Amino acid sequence: MEIHLSPYKQIGRVIVILILAILSLMGQKTLPDPSVPLGQFTATTNPAGIAFYQKQPHSSYLLSPYSDYVVIGDKSHSLIQENHPESAIERPGTTFPTNMVQQIQAYLGKATLRYASLLPTKTIYTGIIGSNTLSVVRTYYVQEHSQPTEIAATLQYSRDDVIVDDIGMLLSESDDETVKVYEQVTKKEVLRLTTINDRRRKSLSKSLFILNRRTPGIIQIKVSPSDYVIVDNEQKKIEFIDENPEIKEKTILTQYEIVILADMWGSTL
Amino acid sequence: MILALVAACWFYIFPTLIGRAVIGWFKQKDSLKDFFLYFISGSLILYTLAIGLSVFRLFTPSLFYSILVILTGVSVIANGVISSLFITNKHHTHHHTLRTSNILIYSFILITISIISFVIWNNDVPVPYGLNWDMFEHQTLINLIQQGTFSFKTSQISDTFQFDGYSSIFHLLNAIPQIIWHPEPARYWWIIQGLHLLSSVCASFYLGYVVTKRIIFGFIAAIIGAFSFESYVAYATLFLVPQTFTAVCFAYGLGMLLEQKELLAKRLVWILPVLFLFLFLNHYIIGSAAIVLLCTVVCLLVLFQRWPKSYRGIVILLPLITFGILTFFTRFIDLSAINGGEALQYVYTPQKLFEFMQVFFGNALIFLGIPGIIFSFHEKDNKYRIVSIAGLLVLAVVVSGIPYALKFYVLGHYLIGIVMAGGIWLFAKNISSKIIQCCILLFLTLWFSIHLLLNAVYWKNDIHYDSFSTHYSQAELDAATFLQAYDTQDVLLLSDPATQYSLEAFSGMNSQGGAYMNNNTRYIVGKLFRYPTTEELIQELQTIQDPLMSKSHQRILLVMSGRLFQWINLPEENQQDITINIWAPAPLSYKQRNDIEQFRNYHNFNKIYENRDLIILEIPLTY
C-alpha cells in the first residue's frame, strides 16, 4: 500500500535527494589541472605557473612568478618569495565549487587557467583560452611603501627555438634552416643584426614569433603597448618589460596574448 | 553518413529479421521482449551458417554476399507474411494499438536520455573520430572476414589476437552490414556506438521496470545507466566491444527471466540454452560470468519462493562468502603467468578501485547504494532483492583482487544501476505529486550528467589532437584510403604500434600484430634510425613475420608518423610494454620530416604517400 506523505514531508524527501546529489558530486575525482587544447598545443596550470606544451621534446613553455620579476629601488625581486611554504601557491581545484566550474569550463574548451602566488605579495595569473589563443592577464598587488620602477613578465622558451619579431629581426640564436623556411614561407627577409649585447637582445616590436623545427605550429606573442622585449639567450627567457608601470588601485596589470598559428612546415614540402 | 547509419541499424535489424522469420511461425503475436529472442536466435543462425561455410571451405566474399542478399529477401518476405498473420488476430491488434502510444512516449524519453549522454561524452569527438581503442582490432577482424578469411577462433583470423577471449560471432555480426552496405568504418563505429548506448539505456529501463513493475523506477534506472560510464576497463555503455555487447544481452536476458511468471515455463527450456550459448560465444569469461549470475538468479528465485524470509541473511552473507573465497584463492594464483604477465597490470588495490569509482560517478555508489540495499529489505517483491544480491556478488568479485576483475563490472553496470535507482526510490517512492516526480527525474539527469561530464574531462585529458579528443586523425583516415587502393599482395604495414593498429583497421592492409606487435618487431622499429647500412636494416626487417600469412611478404610499407617519433623517444622498456601506446595522433614537425628525408635518401627508399601526420615509404625486401 502506497503511503501518501504531506507536502512538507515530500519536500523534505526532495531535500534529502538534493543532499545526496551534493555528497555524490563532492566525491567526483577530478584533475587539479585539467588540460585544454590550445591550437596544436595543450595548456594547463602546474605547480610553477601556467604552461603550454606539446608531447615533443623541448616544446614546453612556462609563464611563472618564479622567473617574473619586479624592480623596487635598485633591486630586482622574483614575484614569489624564495623558500616559500606550499600554501603560498593557490591553484583552482582546491575547493569543490571552483574546481567544478573550472572542469566544466575545460569541458567546453573555454577554461580560465588561474594561478596565484601569495608571498611576498599577491600575484594572480589568469589565462583565458580561445580556440588557439591564450590571453594572459597578470595582476600584481603592490606592497605597501614600495614603488616598483620596472616589472617584467617572462616566458621560458626552449632549446632550438628561433625568435623573430614582426619586422623580421632575429632575437635569438640562429638556426639557419629554420630561418630559411620562415623566409620562404613569409617571403620576408630575417635580419641577423650583430648587437652590442648579443646575450640580451632588445626589440620594441609589439609582436614576436617563436619557431621551432621540432614543433608543429608557430607561437605568436602579442606584447602589451607599454612593454618592450628583451630576449635573454643565455637563460632562454623572453622578458616583457614595463618601465614605470602604472599603478591603479594598488595593482599593476600586465596583459599579453599568445596565439598558436597554423603549421608552416608542412606547406614547405 | 546515411550508409553508415543504415549499416549500423542493419547490425540489429538483419539478425532480428532472420530470427523472426524462423521462430515467428510458432508464435501467435509479438511482444517487445520477443525481438531480443529473434535477435539472438538470428545471430546464432547466421554464425552457424558462416561456420558451416568455413568448415567446407566455401566462405568466399562473393558466395557469402550472395547468401546474405538471398537471406535478406527471404527473411523480409517471411516477416511480411508473419506480420499479416498476426494482424488477423483482432484482439491482438487492439491490444497492440493501445500499447503503441505508451511505447512511443517511453521510446522518445529513452532516446532523448541516450542522445544527451552521447553528446556529453562526444562533445569534442565529431564524426568520424573515435575514442574506442579496441575498435581497431575488431575492425581489423571484420576486414578480414569481408576478404573471406573466417574461423571460429579469432587468433586464426588475425595475429592481432594472441588470446581467444571470444569467438568471432561479434565480428561476423558487424561484418554483415559492412559487406552489404559498405560504410566507411570510422563513421559506422561512431553511429553504432550511439545505438549500443541506446540499447544499453533501454536494457536498464527494462530491468528497472521488471524488478518493480513501476515505469518511473525504470526511468530512474535508465538515467543512472545512461550517465554512469565506467571509463576504465569495463566501458559498459559508450564503447561497443564484445564484453559490453555481452553485458547488454545479459541485462535483457535477466529481465526476461525475471519477467517469467512460472520459473519452469516451457519457453525457458529452449530460451535459456540459446541465451547461454549466445552469451558464451560473445565473450568466454564475461559470458560465463553472466551465465553463472543468471543461474544464481534462478536459484534465488526458487529459494525465496520456498523460504521467503531467508533473504535478509543471503543479501549479506552470499557476497561476503564469495569475497572471502575469491580473496583466499587469489593468493595462490601466479599472476605473472597469465596472459604474458598482462594480468598483473589488471589487479587493482581497493584504493585504486575506490578512485575508479570516484572517476565514474563520484560517491553515488555509496550514497545511493546503501539506501538501495536498505530498500531491498523494504520491497515486498523478491525481484529487486535478487538483482541487489547479484549486484553485490559482482561487487564482491570486483574487489576480491582477482586479475581482470574490474571487467566483470560490465555486468555490474546494470545490476548496481538498479541498486542505485533503489537508493533514489527509497526517498522518492511516496512522493505522490507527478510534478515533483518529474522534477526529480530532471534533477537526476542533471546530477548524473555532471558526473559524466567530469568523467569525460578526466578521461580525455591527454588525448587531444588539435581541438578534438580522438585516437585517430583525418590524415590517418586519408592515408588508409590511399592504402586501400594500393596493391596489398605480399605487403606488410609497419610503424609504431598505435599507427599500424589504426591504419590496419581502416585500410585493411596487414601488419604484424597491430598494437600487439611482438617483441622482435618492437625492437626493430625502436631502433629504426640506428642501422648503419641498408643491408642490415633489410635483414632485420625480413625477420618480421606474420605467422598467419601464407607466404612471406616482399615489401614493407613503413609509415613514419608523428606518433612513431614519440614512440621511438620512449624508454626501451616502455616500447616493449603492450599497455603503453601513443594514444593520440600527432602531426609531423619540420625536423621529423627532415629526418625522414635523410633516412629515405640514405637508404634510397621510395616515398609513396605524404600528408600532415605521416609519410609512407616503400621498402623492397629483395634488396
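Predicted model: local features only at pLDDT ≥ 70, side-chain atom pairs only at ≥ 80, totals over all residues.
1. As to geometry, the axes of helix H1 (residues 2-23) and helix H2 (residues 32-55), both of chain B, come within 6 Å and cross at roughly 95°. H1(B) is therefore roughly perpendicular to H2(B).

2. Chain B as a whole contains 25 helices and six strands. Its radius of gyration is 26 Å, close to the 25 Å that the globule rule gives for 623 residues, so chain B is as compact as a globular protein of that length. Along the principal axes, the C-alpha atoms of chain B fill a box of roughly 80 × 55 × 45 Å.

3. Of the 623 residues of chain B, 60% count as buried. Among contacts in chain B with a separation of 6 or more, 75% come from residues 24 or more positions apart.

4. Helix H25 (residues 590-603) of chain B has 14 residues and should span 20 Å at 1.5 Å a residue, which agrees with the 20 Å between its end C-alpha atoms. Its buried residues include Tyr590(B), Ile596(B), Phe599(B) and His603(B), and the cover over the buried residues of H25(B) includes helix H3 (176-186) of chain A as well as strand E4 (555-561) and helix H23 (562-568) of chain B. Asn604(B), which follows H25(B), has a positive phi near 60°.

Key: Residues numbered from 1 in each chain as written. Chains lettered and ligands numbered in written order. Heavy atoms only, no water. Helix = DSSP H or I, 4+ residues; strand = E, 2+ residues; numbered from the N terminus. Expected span 1.5 Å × (residues − 1). Buried < 20%, exposed > 50% of the residue type's maximum accessible area, 1.4 Å probe, protein only. Contact = heavy atoms within 4.5 Å. Axes fitted to C-alpha atoms, helices over the stretch in contact; angles between N-to-C directions. Parallel < 35°, antiparallel > 145°, perpendicular 65-115°, else oblique. Rg over C-alpha atoms; globule rule 2.2 N^0.38 Å.
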